[in-house]
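Here's a quick tour for anyone meeting this protein for the first time. Take a look at the sequence and the structure below, then read on.

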Amino acid sequence: MDTRLLHTFTALARTGSFTAAAAELHLAQSTVTVHIRTLERELGTRLFDRLPTGTLLTEYGRGLLERAEDVLDAVARLRADGDGDARGPVTVGAPESLCSTRVPAVIAALRTNHPEVDVRLYAAGTAECVEGLRSGRLDLALLLEEDANFPDVTTEPITQEPLAFVCAPAHPLAARAHAVTWAELAAESFFLLEQGCSYSDELERRLLAVSGARPRPTRFGSVDAARSCVAAGLGLTLLPLTTVEEQLHQGRLVQVHGPRLADVPVRLARHRRRWTGPAAQAFSQELVRQSTD
């Protein structure tokens, strides 16, 4: 069987759309259609139900998906055994804060040590990263999570991210010499990252737990948006210290000394069963090296 047909099959299963699968594979949509029809003819059964909203795997198709991924994984291993050099694409998902702080140094080091490795980086939260690993869209992911127990996904802690409360220099809390209490923080406006960000969610839970308090949290999908609102004097935020160090140095933001919050682990995640190829291994090794230097 032509493994190209299996590549097309798994791409269509992931995306649920002939158009999206064609874009991912850099093929014409008609070619994707021909590949699926050819595979269905060879197997003697329908693999997808064609619906107005997209495609849906049939019962047989769902059973085939895991076996097809195993076959493609085995083929990739065989090719790597013949040439162990790290080359080709590695697709990585990571929170926006890590995309802008830790990952650039890894990419720069890879361009020197493994110039044929092509890192494809996607900013994504934990849920999207885990789904990407399960579906095969991602080879690796970085998670900012205290606990990371996800089916089919294994993680290893790489380093820690200290967190910082910050506000504008003119904010009333900026000049406080002693630590701000939870009750005082719960009376403020906060600009936090979107739902699913572990430390933002934990902060909101703690603020809501203050008796009689009515915190005013606003959620954003962007670190830059949260920083900009805070720099404009609209309230406070809680972010990894690495994402605000430049603004603190420039005097655009001031760190607020509040209750002690535990550092957030940075975890490297991968699919539990899927093989990690040489390019992904090179990324992982460089990430560990950069994080421990």
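Which strands does α9 lie across, and at about what angle does α9 run to β10? Helix α9 lies across β7 and β10, at about 150° to β10. Angles run from 0 to 180 degrees between N-to-C directions, with axes as lines fitted to C-alpha atoms, for helices over the stretch in contact. Helix α10 (residues 223-231) packs on the sheet too, touching β7 and β10; contact here means heavy atoms within 4.5 Å.

This is a predicted model, where local features need pLDDT of at least 70, side-chain atom pairs count only at pLDDT 80 or more, and totals for chains, interfaces and linings use all residues. Residues are numbered from 1 along each chain as its sequence is written, and side-chain values use heavy atoms, with hydrogens and water left out.

The open sheet has three strands in the order β10-β7-β11, paired antiparallel. Strands count as paired if DSSP finds at least two bridges between them; strands themselves are DSSP runs (E, at least two residues), and helices are runs of H or I, at least four residues, all numbered from the N terminus. Strand β7 (residues 163-167) meets β10 over four bridges, and F165 sits opposite L238 in β10.

## Two sides of α6

Now for helix α6 (residues 103-113): V103, V106, I107, A109 and L110 are its buried residues (under 20% relative accessible area; exposed is over 50%, partly exposed in between, with a 1.4 Å probe and protein chains only). On the other side of α6, R111 and T112 are exposed.
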